[in-house]
Amino acid sequence: MEKNNNFISTTLSSIGKTPTVPLTRIMPPASGSRLYAKIEGLNPGGSVKDRPALYMIKRALENGTLLPGMTIIDSSSGNTGISYAMIGAYLGMRVKIYAPSNMSEERKIIMRLYGAELILTPAEESHDGAIKRANDEYQKGAGKVYFMPDQYNNSDNPLSHYETTAVELIEQTGGNIDFFATGIGTGGTILGVGKRLKEFNGKIKIIAVVPDNEMHGIEGWKYNYSLNFKGFDKDKIIDDFVKVDTEGSYEAVKRLIREEGLLCGFSSGANAYAVQKLSERYRGNFSTVLPDTGSRYLSTRVFSEFALL
Ligand code: PMP
């Protein structure tokens, strides 16, 4: 999945190779530590999920589990659904997404703009309802009409980060990494990046950022996560954990926007906040990802109130 060597990219080959920047306002050099952050919102679909979505779909096309005329089906109220929709648009493939009806209006519009079929499931059933309904529909045409990427169990998800995100981070930082910290949704990012960084330098510490309560409101994160990817052993990859509260994460995303000039989402703020906390415990070169663009959160109370300040 190399980029073209010529100057012209395609929509899909422009996935990845995102910039990595030092966050010098969040982590001033005088602190004795540095923080390098990968701006994943600059992917064509606006988030880090373009990488695993591309890997899962490409692999399925290569091994014949996804054939022309079939529909990509899954549940997602967030970035993964948008990435499937964007890739489906480019490939001319149908995409069917199940998501709770209370998902944000921006996300509904974005998926539909790309031409995906969005099926809204009862809000009170939450994500589990959307997952169940997507699975029920999938069973009606599994392997024939439908292909389901299954991002929570598909090792092509962490593999995309192992082969791209981590390699870029090493190149862009000149290998100056002591710690990598990020939150967990599917765990694809932490396990894929973590495994590769540890192979590069066994001294690098991989730190999982976790919310301090179940109602954390940080889009993309799971409180009760499970990490079951073949070939990516969480016990060998994750060294430590740091907890973050929602208020601190919101304050950090505001600082990323107003002080670093980076309009990104709440999990980006949470990652930056986590590294600030870690820098009280450790000193060195920290790295993280800013998973998505803040333009996806404009209708949230936090952003609309902040815009008026
Ligand atoms: N932040 C955001 C905004 C996301 O959409 C996701 C993906 N669900 C994550 C963080 C977590 O990434 P991963 O699934 O690789 O653990």
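In this predicted model, helix α8 (residues 246–258) and helix α9 (residues 266–281) have axes that come within 7 Å and cross at roughly 100°. Angles of 65 to 115 degrees count as roughly perpendicular, and α8 is therefore roughly perpendicular to α9.

**Helices α8 and α9**

- On the α8 side, the contact is made by Gly248, Ser249, Tyr250, Ala252, Val253, Arg255 and Leu256.
- On the α9 side, the residues in contact are Phe266, Ser268, Gly269, Ala270, Ala272, Tyr273 and Gln276.
- By residue class, the contact of α8 with α9 consists of 8 nonpolar, 5 polar and 1 charged.

**Helices α5 and α6**

- Helix α5 (residues 156–173) packs against helix α6 (residues 188–200) at an angle of about 50°, and their axes are 7 Å apart.
- The two helices α5 and α6 are therefore oblique to each other.
- The crossing that α5 makes with α6 is right-handed.
- Helix α5 contributes Asn157, Pro158, His161, Tyr162, Glu163, Thr165, Ala166, Val167, Leu169 and Ile170 to the contact.
- Helix α6 contributes Gly188, Thr189, Leu191, Gly192, Val193, Lys195, Arg196, Leu197, Glu199 and Phe200.
- The residues in this contact of α5 with α6 comprise 10 nonpolar, 6 polar and 4 charged.

**Helices α2 and α3**

- Helix α2 (residues 79–91) and helix α3 (residues 105–113) cross at roughly 20°, with axes that come within 8 Å.
- Because angles under 35 degrees count as roughly parallel, α2 is described as roughly parallel to α3.
- The crossing in which α2 passes α3 is left-handed.
- Asn79, Gly81, Ile82 and Ala85 of α2 meet Arg107, Ile110 and Met111 of α3 in this contact.
- The contact of α2 with α3 is made up of 4 nonpolar, 2 polar and 1 charged residues.

**Surroundings of the ligand**

- The ligand is surrounded by 15 residues, and the closest are Asn79, Gly185, Thr186, Thr189 and Ser267.
- Asn79, which also takes part in the contact between α2 and α3, has a polar side-chain atom 2.7 Å from an oxygen atom of the ligand.
- Thr189, one of the closest residues to the ligand, also belongs to the α6 side of the contact with α5.
- A polar backbone atom of Gly187 is 2.8 Å from an oxygen atom of the ligand.
- Ser267 places a polar side-chain atom 2.7 Å from a nitrogen atom of the ligand.

**Residues with a positive phi**

- Most residues other than glycine have a negative phi.
- Lys17, a residue other than glycine, has a positive phi, near 50°.
- Lys17 is located in the segment before β1 (20–22).
- Asp150 is likewise a residue other than glycine with a positive phi, in this case near 60°.
- The position of Asp150 is in the loop between β6 (146–147) and α5.

Definitions and conventions:
Residues are numbered from 1 along each chain as its sequence is written. This is a predicted model: local features need pLDDT of at least 70, side-chain atom pairs count only at pLDDT 80 or more; totals for chains, interfaces and linings use all residues. Side-chain values use heavy atoms; hydrogens and water are left out. Axes are lines fitted to C-alpha atoms, for helices over the stretch in contact, and angles run from 0 to 180 degrees between N-to-C directions. Helices (H or I, at least four residues) and strands (E, at least two) are DSSP runs, numbered from the N terminus. Angles under 35 degrees count as roughly parallel, over 145 as roughly antiparallel, 65 to 115 as roughly perpendicular and the rest as oblique. A crossing is left-handed if the near helix is turned anticlockwise from the far one by less than a right angle, and right-handed if clockwise. Contact means heavy atoms within 4.5 Å. Ala, Val, Leu, Ile, Met, Phe, Trp, Tyr, Cys and Pro count as nonpolar, Asp, Glu, Lys and Arg as charged, and the others, Gly among them, as polar. A residue is near a molecule or strand if one of its heavy atoms lies within 4 Å of it. A polar contact is a pair of N or O atoms within 3.5 Å; within protein, one must be able to donate a hydrogen and the other to accept it, and residues adjacent in sequence count only if both atoms are side-chain atoms.
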